[in-house]
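I opened the model today to look up how the chain is put together, and I kept my notes in the order in which I looked.

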Amino acid sequence: MRRSVSADTSADWQKLAAVPLLTGLPDDRLRQLWSASLPRHYGQGEMLRRVGDRAEHLLLVLHGRVSATVTTATGRVVRLGEWTGPCALDKVAVIDGRGHTASLTAITPCSVRSLPRARFEELVDDVPAVRRHVLRLLAGQARHQQERFADAATLPVEARLATWLLEQAEGSSRAHIELPGTQQDLADLLGTTRVTINRTLSRMRRDGLVEITGHSVEVLAPELLALRASALRPTVGGAAG
């Protein structure tokens, strides 16, 4: 069930400045967007939007984590990714005016501002810097998705998992990484099975690369994990003529 968050304070609008899509906007514009948006709170496990729902609002997550999934015709759940606030969700669906590209579910309790699509379009039309920024973000996301699809098609599961762990660790010497729900959720994200993920994590633990505690993984040796990932990548032969 959707619920409004508590009454806004005078400085709450400043939270929008942390959303990458809105970074650099002047204070008066951020105040306008705050006034034009509606507050929402979603509990863990609640669905923000279903795939195919009309994208009439841009969802600005101020706090919390959200997953994006689709279900195939055979009933298989494919996890497209997860996002941690502050961030803006499914910008493509809002821009093209069609249905949401995935079902969006709160992994943790989430505080969200819901900005009408018309106000977002005005922002993109009126502020060239925002328009350029949106295009750069969409281009970056398209590249990342293309890389993920290529990895899923060519990389062994261990290389996919190692790469994902390193991305989450962000180069830290030791990092605790919260799994996206269950091992089945992680398997859906990486395009494999829960059994395979379980076996791969167990092998990494035996090799001293990670430690597993409950729903989190600690990367013990990021350099060795990176070597493991690169060693498992296929060699591409030939050269462009």
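What share of the contacts in the chain with a separation of 6 or more comes from residues 24 or more positions apart? I found that such residues account for 70% of these contacts, a contact being heavy atoms within 4.5 Å. I note that this is a predicted model, in which local features need pLDDT of at least 70, side-chain atom pairs count only at pLDDT 80 or more, and totals for chains, interfaces and linings use all residues. Residues are numbered from 1 along each chain as its sequence is written, and side-chain values use heavy atoms, with hydrogens and water left out.

**Overall make-up.** I looked up the elements and found 8 helices and 11 strands in the chain, where helices (H or I, at least four residues) and strands (E, at least two) are DSSP runs numbered from the N terminus. Of the 241 residues, 41% are buried, that is, under 20% relative accessible area with a 1.4 Å probe and protein chains only.

**The sheet.** I traced an open sheet of 4 strands in the order β1-β8-β3-β6, with antiparallel pairing; two strands pair if DSSP finds at least two bridges between them. Its edge strands are β1 (38–42) and β6 (87–89), each of which pairs on one side only. From one strand to the next the twist averages 30°. Inside the sheet, β3 (residues 57–63) and β8 (residues 110–116) pair in the antiparallel sense over 6 bridges, and I saw that Leu60 has Arg113 of β8 as its bridge partner.

I then checked what lies across these strands. Helix α1 (residues 27–36) lies across β1, β3 and β8 and runs at about 95° to β8, while helix α3 (residues 117–126) lies across β3 and β8 at about 75° to β8; the axes are lines fitted to C-alpha atoms, for helices over the stretch in contact, and angles run from 0 to 180 degrees between N-to-C directions.

Leu22 touches Leu16, Leu30, Leu33, Leu60 and Leu123, if residues up to four places away in sequence are not counted.

**His100 and Asp90.** Which side chain makes a polar contact with the side chain of His100? I found that of Asp90, at 3.0 Å; a polar contact is a pair of N or O atoms within 3.5 Å, and within protein one must be able to donate a hydrogen and the other to accept it, with residues adjacent in sequence counting only if both atoms are side-chain atoms. His100 is found in the loop between α2 and β7 (103–106) and is buried, with a relative accessible area of 3%. Asp90, in the loop between β6 and α2, is buried at 16%, and its phi is near 45°, a positive value in a residue other than glycine.

**A cis bond.** Lastly, I noted that the peptide bond from Gly85 to Pro86 is cis, with omega near 5°, and that Pro86 is placed in the loop between β5 (77–84) and β6.

Notes. Buried means under 20% relative accessible area, exposed over 50%, partly exposed in between (1.4 Å probe, protein chains only).
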